Amino acid sequence: MARQDRGKCVTDREAPENHLAGYAESLGEACATGRRLTRAELDARRAGGEQAAEAGLGLRGMIREHLAASQSVLATAPAKAAGSLLAAVEQAVDAFVEGYERAQHQAVRQEEAARREFIDDLLYGRSDLGRLAERAERFGLRLSQAHAVAVASGPEPYGDGYPVARGIEAAVLARFAGRQILLTTKDGRLICVAPGDQPDVLAFFAKQAYAATDGGRVAIGRSHPGAGGVVHSYEEALNALDLAQRMGLDGPVLHAADLLVYPVLTRDRQAMADLVESVLGPLRKGRGGAQSFIDTLTAYFDSGCVATEAARRLSLSVRALTYRLERIHGLTGSDPADPVNRYTLQTAVIGARLLGWPGTEA
């Protein structure tokens, strides 16, 4: 089969003579003396294999060229030399294949290193943006478009060669063949970068990742334009995963667009810390400290201020829950059931969870 190689058509039958230089002579001497190939001759065969791989020549075609040259030597060799010839051919072809495969493995390692360097630069916003855009096309991305990033985490870290990562990549690429998609891993997480106008790609990735990671969690950043947009979307997805852990958010798939209120609340961290301390600080005086009251308010607000549902979530009786709410009212002076007080209390509770209060006070 013909293929393009550096601007010219190269076929498996076209093997430059330098890859076979000295081969027929070595076989001739082996036939005449019965000796095996020398170390220098084997090194020459390995070097020829490396050159063939670097030139993009097909291995099967090159082996056919070796066998054809061997037939020419056999035609002029004594009949009793056939055994020596076959042994020499076996040595030579084995050395050639070894060199060919070594060059291929080296090329794969170099490609993997280049890909990893590109991904690091892409996700961390390093390197010149113009140069980054040029490199991106090599890996299937056009950074002139807007992109969104999905990040999946699971119970264990994942790398590019892990079965989980390979399985997800195979499923996504099979479903969206021809799309400009980048699938990779970073810091033990699974990552998918897709055009911003194709949310179905990230939704499918999220579904596959959730199933493959045995109940992991996926966060999807918003779509942003340009190379810097990939970084922005990636950071949004990471922040969403962090928020989900700190806030105990439910749901396997999180959308950064749905969580914008949280970074707004913590933009002025000191102001939020002051609010938390001012509103919730008196809860420290209650039996067991403030944490049990924070948990009570969290369950109460998350259940839509329905006492029976909040009690069920906390495994309490409704009477016990009502008593806690009354204690909160007494200690803070704010009634959780009063719409006027509710907003301040709920904002303070969200702030406490974001800041890790009271366990780690700001």
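**View 1. The right-handed crossing of α6 past α7 in a predicted model**. Helix α6 (residues 163–175) and α7 have axes that come within 10 Å and cross at roughly 150 degrees, the axes being lines fitted to C-alpha atoms over the stretch in contact, with angles running from 0 to 180 degrees between N-to-C directions. α6 is therefore roughly antiparallel to α7, a term for angles over 145 degrees. α6 passes α7 in a right-handed crossing, in which the near helix is turned clockwise from the far one by less than a right angle. Val-164, Ile-168, Ala-171, Val-172 and Arg-175 of α6 make the contact with Phe-204, Phe-205, Gln-208, Ala-209 and Ala-212 of α7, where contact means heavy atoms within 4.5 Å. By class, eight nonpolar residues, one polar and one charged form this contact.

**View 2. Positive phi at Asp-214**. Asp-214, in the loop between α7 (199–212) and β6 (217–220), has a phi near 55 degrees, a positive value in a residue other than glycine. Asp-214 counts as exposed at 69% relative accessibility (exposed means over 50% relative accessible area, with a 1.4 Å probe and protein chains only).

**View 3. Positive phi at Ser-315**. In the loop between α12 (307–314) and α13 (318–332), Ser-315 has a phi near 60 degrees and is exposed, with a relative accessible area of 67%.

**View 4. The cis peptide bond between Trp-357 and Pro-358**. Omega is about 5 degrees for this bond, and Pro-358 is found in the segment after α14 (339–355).

**Notes.** Residues are numbered from 1 along each chain as its sequence is written, and side-chain values use heavy atoms, with hydrogens and water left out. In this predicted model, local features need pLDDT of at least 70 and side-chain atom pairs count only at pLDDT 80 or more, whereas totals for chains, interfaces and linings use all residues.

Methods: Helices (H or I, at least four residues) and strands (E, at least two) are DSSP runs, numbered from the N terminus. Buried means under 20% relative accessible area, exposed over 50%, partly exposed in between (1.4 Å probe, protein chains only). Angles under 35 degrees count as roughly parallel, over 145 as roughly antiparallel, 65 to 115 as roughly perpendicular and the rest as oblique. Ala, Val, Leu, Ile, Met, Phe, Trp, Tyr, Cys and Pro count as nonpolar, Asp, Glu, Lys and Arg as charged, and the others, Gly among them, as polar.
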